[in-house]
Amino acid sequence: MNVLLLAGGLGTRLRPMTENMPKPMAPILNRPWLEHLILHLKEQGVHRFVIALKHHPEKIKNHFGDGRRLGVSIQYAMEEKLLGTAGAIKNAEPLLDDQFIAMNADIVHDIELKPLLDFHRSHGGKVTIGLTEVEDPSAYGVVEQDDTGRILRFVEKPRLDEAPSRRINAGIYVMEKNVLAVIPSDREVSIERETFPLLIRENMGVFGTTIQGYWADMGTKERYRQVHWDLLNGSGRIRIPGQAQDQGIWIGKGCKIGAGVLLVPPVLIGDHVKIGARAVIGPHVVLGDKCSIGPNVRLSETILWNGCRVNEGAYLNNCIFGYGLELGPRHILHEAVMNRLGVMQA
Ligand code: GTP
């Protein structure tokens with residue numbers, strides 16, 4: 001069976017980082033998340049992928065090509081206009097196997113597919129929705145299920161005391177292709193709001209099972225940062241690049257770290273990074289490859305993508321900088337989220 005990765009959304013909630021790239025290409029631990037995801041699925045035996053594209057499709061196509069570099073095969077389904085999560089699946093229909101997996105490509109997770117597939121094959125329904133449990137379901141669509149796992153309904157944004165469960169749609173589905181007949185092909189369709197409720201009403205066999213492991217939506221700036229801190233603090237089985245030092249510090253190759261630099265864990269430093277004397281880096285800092293940090297700089301709770309330069313004495317807290325940005329000396333920035341249009345890779 002092949003896997004369809006939905007990667008065409010506008011990523012409006014993560015702007016400006018997604019102004020000039022699809023959200024799943026945002027780096028997580030210094031590597032585009034989509035690449036982590038494909039490699040994670042490949043480890044579980046998936047070798048054929050379809051990626052559904054709309055927003056900045058060239059960024060994904062140029063990066064992955066036909067997939068050979070990662071040892072997989074990748075085909076692309078292009079949309080001329082935004083079709084929504086179900087419309088994108090419908091548009092990819094000619095490229096999909098009779099049974100396939102569809103996944104939101106902006107969810108950071110390390111799930112095992114086998115239990116999901118075993119469950120799907122055991123119930124004989126048309127769709128299995130991977131579910132995840134959250135502490136507070138009041139911001140989500142929560143599922144109500146019977147004892148067999150059949151989904152009876154979604155309750156949108158329930159009050160905590162009225163929620164039928166704490167299980168929500170994790171954005172990972174096993175589907176029978178013939179179910180796509182219910183999706184119109186000429187307009188935007190949301191799988192969460194339209195297709196699943198329709199299939200449930202029509203009693204087409206929509207089941208849900210809870211997935212195990214790490215799961216996080218990286219769709220806002222706060223969540224994008226939090227995913228990094230979770231992973232650096234040991235949640236999730238996602239490979240952290242670089243040489244692990246004591247106490248949550250990872251350093252890439254070819255780095256130059258000046259005298260008196262203090263690294264406060266957790267900190268991830270990419271390849272060929274320069275850090276000037278007496279800088280204080282951390283806690284919770286990720287520096288992309290080829291970043292250059294001046295002397296006496298102070299960085300905390302901050303993510304810099306590849307090729308950023310922070311000059312002497314600057315102070316950044318709770319910031320995200322896109323590829324190749326530069327900050328002048330002694331600037332102080334708190335919660336700045338910045339990107340430079342047109343720059344993809346430093
Ligand atoms: P926001 O604008 O911030 O809501 O982000 P989004 O629409 O990019 O993401 P959302 O969480 O709503 O969608 C979940 C996944 O589906 C993401 O990986 C999106 O890239 C993808 N997606 C959403 N809409 C479309 C679409 O119209 N076409 C395609 N191909 N993918 C989509």
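This is a predicted model: local features need pLDDT of at least 70, side-chain atom pairs count only at pLDDT 80 or more; totals for chains, interfaces and linings use all residues.
View 1. Count the neighbours and you get 20 residues surrounding the ligand. The closest are Leu 6, Thr 12, Arg 13, Glu 79 and Gly 84.

View 2. Zoom in on Arg 13, where a polar side-chain atom is 2.8 Å from an oxygen atom of the ligand. Asp 106 also uses its side chain, with an N or O atom 3.3 Å from a ligand oxygen. Ala 105 takes part through its backbone instead: an N or O atom there lies 3.4 Å from an oxygen atom of the ligand. As for cover, the ligand has 610 Å² of accessible area on its own, and the protein covers 84% of that.

**View 3. What the shell is made of.** Sorted by class, the shell around the ligand comes out as nine nonpolar, seven polar and four charged residues. Two elements to pick out are β4 (48-53) and α3 (84-91), each supplying at least two shell residues. Of the elements, α3 gives the most, with three residues.

View 4. UniProt, in an unreviewed entry, lists residues 264-334 as "domain: Mannose-1-phosphate guanyltransferase C-terminal". Over residues 264-334 the chain is 42% strand and 0% helix. The end C-alpha atoms of this stretch are 19 Å apart.

Conventions: Residues are numbered from 1 along each chain as its sequence is written. Side-chain values use heavy atoms; hydrogens and water are left out. A residue is near a molecule or strand if one of its heavy atoms lies within 4 Å of it. A polar contact is a pair of N or O atoms within 3.5 Å; within protein, one must be able to donate a hydrogen and the other to accept it, and residues adjacent in sequence count only if both atoms are side-chain atoms. Accessible areas come from the Shrake-Rupley method with a 1.4 Å probe; for residues, only the protein chains shown count as cover. Helices (H or I, at least four residues) and strands (E, at least two) are DSSP runs, numbered from the N terminus. Ala, Val, Leu, Ile, Met, Phe, Trp, Tyr, Cys and Pro count as nonpolar, Asp, Glu, Lys and Arg as charged, and the others, Gly among them, as polar. UniProt positions are given in the numbering used here, feature names are shortened, and annotations may be inferred rather than shown by experiment.
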